[in-house]
Amino acid sequence: MTRAPEAHDADFRAFTTGRWPRLLRTAYLLTGHHHDAEDLVQVALVKAYARWHRVAQASDPDAYVWRILINAHRDRIRGLRVFEWLTVRFPERSERDRTEQVLDREVLARALQRLPPRQRAAVVLRYIEDRTETEVAALLAVRIGTVRSRAARGLEKLRADPAVRELRAPAGEQEVTDRAGAAQRSGVR
């Protein structure tokens, strides 16, 4: 009789260990704050653990847990009455990572934080998580047209954001663009 709970816990532990980084990344992009993302993932995993017998028997356990995560995020959005101003800066001075990739990610994360929560959810799930419009519509419990309009509006706001416009193209792309511009100026086609 003690074997079943141990197997149940071992299965859940193995599932959680493998999925934690991706769940946390998605939650961070949805919430815009690391601590809120950890809380959101923990809430989702607690709910998944309580229903683990159903999750384990589902045809796609990942989708089941992702749905729990999205629903928990939707509940969190509905519960927000006071707007929070998120910051990535702490009062203490810290040494910053100097790589361009980290800086670009930070710029994009801040730009995503400035989007309204529903647009952010549509953009993150559609383009960063690379899900289809149908999957996103099912996860957010909205119509496909709503996903399209929210994602389009979100992308439009991101493109209009001055910080995002200043992001540099990768070195190879910049070089190709520079050569193409030089060729046009010199009349070479």
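Guide: What follows is a short walk through a predicted model.

Visitor: What does the secondary structure of the chain come to?

Guide: The chain has 10 helices and 0 strands. Along the sequence the pattern reads α-α-α-α-α-α-α-α-α-α.

Visitor: And how much of the chain is buried?

Guide: Buried residues account for 30% of the 189 residues. As for contacts between residues at least 6 apart in sequence, 62% join residues at least 24 apart.

Visitor: Let's go to H8. What span should its 17 residues have, and how far apart are the end C-alpha atoms?

Guide: Helix H8 covers residues 144–160 and, at 1.5 Å a residue, should span 24 Å. The end C-alpha atoms are 24 Å apart, which agrees.

Visitor: Which residues of H8 are buried?

Guide: Val147, Arg150, Ala151, Gly154, Leu155 and Leu158 are the buried ones in H8. They cover an arc of only 130° around the axis, so they sit on the same side of H8.

Visitor: Why would residues three or four places apart point the same way?

Guide: Because an α-helix has 3.6 residues a turn.

Visitor: What's exposed on the other side of H8?

Guide: Arg153, Glu156 and Arg159 are exposed there.

Visitor: Where is Ser149 found?

Guide: Ser149 is in helix H8. With a relative accessible area of 26%, Ser149 counts as partly exposed, because that class begins where buried, under 20%, ends. Ser149 and Gln119 are 30 residues apart in sequence, yet their C-alpha atoms are 8.7 Å apart in space.

Visitor: Which residues of H6 are buried, then?

Guide: Gln119 is one of them.

Visitor: How do H6 and H7 cross?

Guide: The axes of H6 (residues 117–128) and H7 (residues 133–140) come within 9 Å and cross at roughly 140°. The two helices are therefore oblique to each other, as the cut-off for roughly antiparallel is over 145 degrees. H6 passes H7 in a right-handed crossing. On the H6 side, the contact is made by Ala121, Ala122, Leu125 and Arg126. H7 contributes Glu133, Val136, Leu139 and Leu140.

Visitor: And H7 against H8, at what angle do they pack?

Guide: H7 and H8 pack at about 100°, with their axes 8 Å apart. That makes H7 and H8 roughly perpendicular to each other. From H7, Glu133, Thr134, Val136 and Ala137 make the contact, and from H8 Ile144, Val147 and Arg148 do. Glu133 and Val136 of H7 also take part in the contact with H6, and Val147 is among the buried residues of H8.

Visitor: Switching to loops. What lies in the one between H6 and H7?

Guide: Asp130 lies in that loop, just after H6. Phi of Asp130 is near 55°, a positive value in a residue other than glycine.

Visitor: Is Asp130 buried or exposed?

Guide: Asp130 counts as exposed, at 63% relative accessibility.

Visitor: Which residue should I look at in the loop between H7 and H8?

Guide: Ala141 lies in that loop. Phi of Ala141 is positive too, near 60°, and again the residue is other than glycine.

Visitor: What's the relative accessible area of Ala141?

Guide: The value is 49%, and Ala141 is partly exposed.

Key
Residues are numbered from 1 along each chain as its sequence is written. This is a predicted model: local features need pLDDT of at least 70, side-chain atom pairs count only at pLDDT 80 or more; totals for chains, interfaces and linings use all residues. Side-chain values use heavy atoms; hydrogens and water are left out. Helices (H or I, at least four residues) and strands (E, at least two) are DSSP runs, numbered from the N terminus. The expected span of a helix is 1.5 Å times one less than its number of residues. Buried means under 20% relative accessible area, exposed over 50%, partly exposed in between (1.4 Å probe, protein chains only). The arc is that of the directions from the helix axis to the C-beta atoms. Axes are lines fitted to C-alpha atoms, for helices over the stretch in contact, and angles run from 0 to 180 degrees between N-to-C directions. Angles under 35 degrees count as roughly parallel, over 145 as roughly antiparallel, 65 to 115 as roughly perpendicular and the rest as oblique. A crossing is left-handed if the near helix is turned anticlockwise from the far one by less than a right angle, and right-handed if clockwise. Contact means heavy atoms within 4.5 Å.
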